[in-house]
Amino acid sequence: MSIVVENLTKKYGEQKAVNDISFEIKTGEVVGFLGPNGAGKSTTMKIITCFMAPTSGDVRLDNESIHTHPEEIKKKIGYLPENNPLYLDMPIVEYLRFTAEVQGVPKNLIPGRISDMIDRCGLDREKHKNINELSKGYRQRVGLAQAMIHDPEVLVLDEPTTGLDPNQIVEIRKLIKDLGKEKTVILSSHILSEVEATCDRILIINRGRIVADGTSDTLRSQAQGQELLKINIEAAPDAVEAAVRGLATVEKISAVDGKEGWFNVQSKPDSSSRKEIFDLCVKNKWYLMEMTGLETRLEDVFQKLTK
Ligand code: ADP
Ligand code: MG
């Protein structure tokens with residue numbers, strides 16, 4: 001089930017919440033929309049799931065457009081909206097029966113689908129409870145169960161782990177990863193480690209636009225560019241700093257606060273200072289205690305792109 005988003009724009013009054021975005025998602029991909037609050041993630045998801053019409057642009061699922069085939073598309077997509085709205089005074093099983101009927105699951109298949117979902121989402125021990133008796137983590141499982149009740153090919157999950165405690169987050173992530181083995185999944189989050197842990201591909205969204213698209217590794221290496229080293233040299237710090245600064249390959253050196261003898265060194269574009277630093281220490285009879293490359297953190301990439 002491929003998804004093609006083409007020049008999608010959504011305006012609220014004068015504000016463009018989604019501003020001319022285009023991308024394609026292939027069958028089986030698990031894609032994360034990553035962006036700060038207000039970036040346009042939920043708006044994009046509401047349009048893809050046919051809960052809202054765009055101002056302009058199109059979304060197609062296997063060549064069916066949201067403009068001409070909304071009912072067909074809704075049947076193929078499972079949607080967990082932001083804040084997971086549930087009917088709190090319903091027992092889980094009743095609620096799932098209700099959503100199955102709304103989704104048009106044939107009557108004779110409904111009991112089987114419900115027990116599959118209870119199984120799959122780990123709800124067995126709680127299944128006779130009312131939703132308002134459940135913890136937040138279990139409510140989120142019910143939200144996932146209702147999204148999947150009609151066995152859709154695509155799952156759209158808007159901030160699926162918001163408000164969960166760390167143990168619940170781990171469990172829900174594991175469930176999403178499992179689901180990703182057989183379905184196309186789009187999930188949103190404003191937390192980087194979340195998309196990194198669950199997604200094959202990350203779209204960074206900021207102010208209604210896509211500002212980056214790739215795996216966490218490609219995003220990191222795109223941003224990397226210049227070598228960053230952390231070094232520890234046992235010698236007079238001022239002499240070390242001056243000498244390293246004088247190397248032809250070095251762009252910048254700064255002392256690490258509160259750690260004598262430690263420095264961060266940034267090399268000039270497309271060059272490395274590792275050998276030069278080593279040779280410098282040999283020449284001056286300084287002890288080079290440590291030299292490590294610093295990886296660009298994905299946090300830095302994200303902050304730079306969404307400032
Ligand atoms: P995200 O999910 O990334 O936090 P949203 O898609 O919810 O972002 O919102 C994008 C922008 O559109 C925000 O600036 C938000 O205030 C605005 N917005 C969202 N829904 C509405 C609405 N119903 N009316 C007016 N503005 C809205
Ligand atoms: Mg949102």
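## The magnesium site

In this predicted model, the magnesium ion (ligand 2) is coordinated by S42 through OG and by E82 through OE, at 2.0 to 2.3 Å. Donors are N, O and S atoms within 2.8 Å of the metal, or 3.2 Å for Na, K and Ca; water is not among the atoms, so sites may look incomplete. The two residues are 40 residues apart and link distant parts of the chain. S42 sits in helix α1 (residues 41–48). E82 lies in the loop between β6 (77–80) and α3 (92–102). Helices (H or I, at least four residues) and strands (E, at least two) are DSSP runs, numbered from the N terminus.

S42 is buried, with a relative accessible area of 13%. E82 is partly exposed at 34%. Buried means under 20% relative accessible area, exposed means over 50%, and partly exposed is in between (1.4 Å probe, protein chains only).

## The shell around ligand 1

Ligand 1 is surrounded by Y12, Q15, A17, P36, N37, G38, A39, G40, K41, S42 and T43. A residue belongs here if one of its heavy atoms lies within 4 Å of the ligand. By class, the shell has 4 nonpolar, 6 polar and 1 charged residues. Ala, Val, Leu, Ile, Met, Phe, Trp, Tyr, Cys and Pro count as nonpolar; Asp, Glu, Lys and Arg count as charged; the others, Gly among them, count as polar.

Polar contacts (N or O pairs within 3.5 Å) reach oxygen atoms of ligand 1. K41 places a polar side-chain atom 2.8 Å from an oxygen of ligand 1. G40 brings a backbone N or O atom to 2.9 Å from an oxygen of the ligand. For A39, a polar backbone atom is 3.1 Å from a ligand oxygen. The protein covers 63% of the 560 Å² of accessible area that ligand 1 has on its own. That area comes from the Shrake-Rupley method with a 1.4 Å probe. The largest share, 3 residues, comes from α1.

## Helix α1

Why is α1 largely enclosed by the rest of the structure? 7 of its 8 residues are buried. The buried residues of α1 are K41, S42, T43, T44, M45, I47 and I48. C50 follows α1 and has a positive phi, near 65 degrees.

## Positive phi in two loops

Most residues other than glycine have a negative phi. N63 has a positive phi near 75 degrees. N63 is in the loop between β4 (56–61) and β5 (64–65), and is exposed at 68% relative accessibility.

D151 also has a positive phi, about 50 degrees, although it is not a glycine. D151 lies in the loop between α5 (136–148) and β7 (154–158). At 45% relative accessibility, D151 is partly exposed.

## Cysteines

How many disulfides are there? The count is 0. A disulfide is a pair of cysteine sulfur atoms within 2.5 Å. The sulfur of C121 is 18 Å from the closest cysteine sulfur, in C199, which is too far for a bond. C121 is buried at 1% relative accessibility. C281 is buried at 2%.

## Conventions

Residues are numbered from 1 along each chain as its sequence is written, while chains are lettered from A and ligands numbered from 1 in the order in which they are written. Local features need pLDDT of at least 70, side-chain atom pairs count only at pLDDT 80 or more, and totals for chains, interfaces and linings use all residues, with side-chain values taken from heavy atoms, leaving out hydrogens and water.

Terms used. A polar contact is a pair of N or O atoms within 3.5 Å; within protein, one must be able to donate a hydrogen and the other to accept it, and residues adjacent in sequence count only if both atoms are side-chain atoms.
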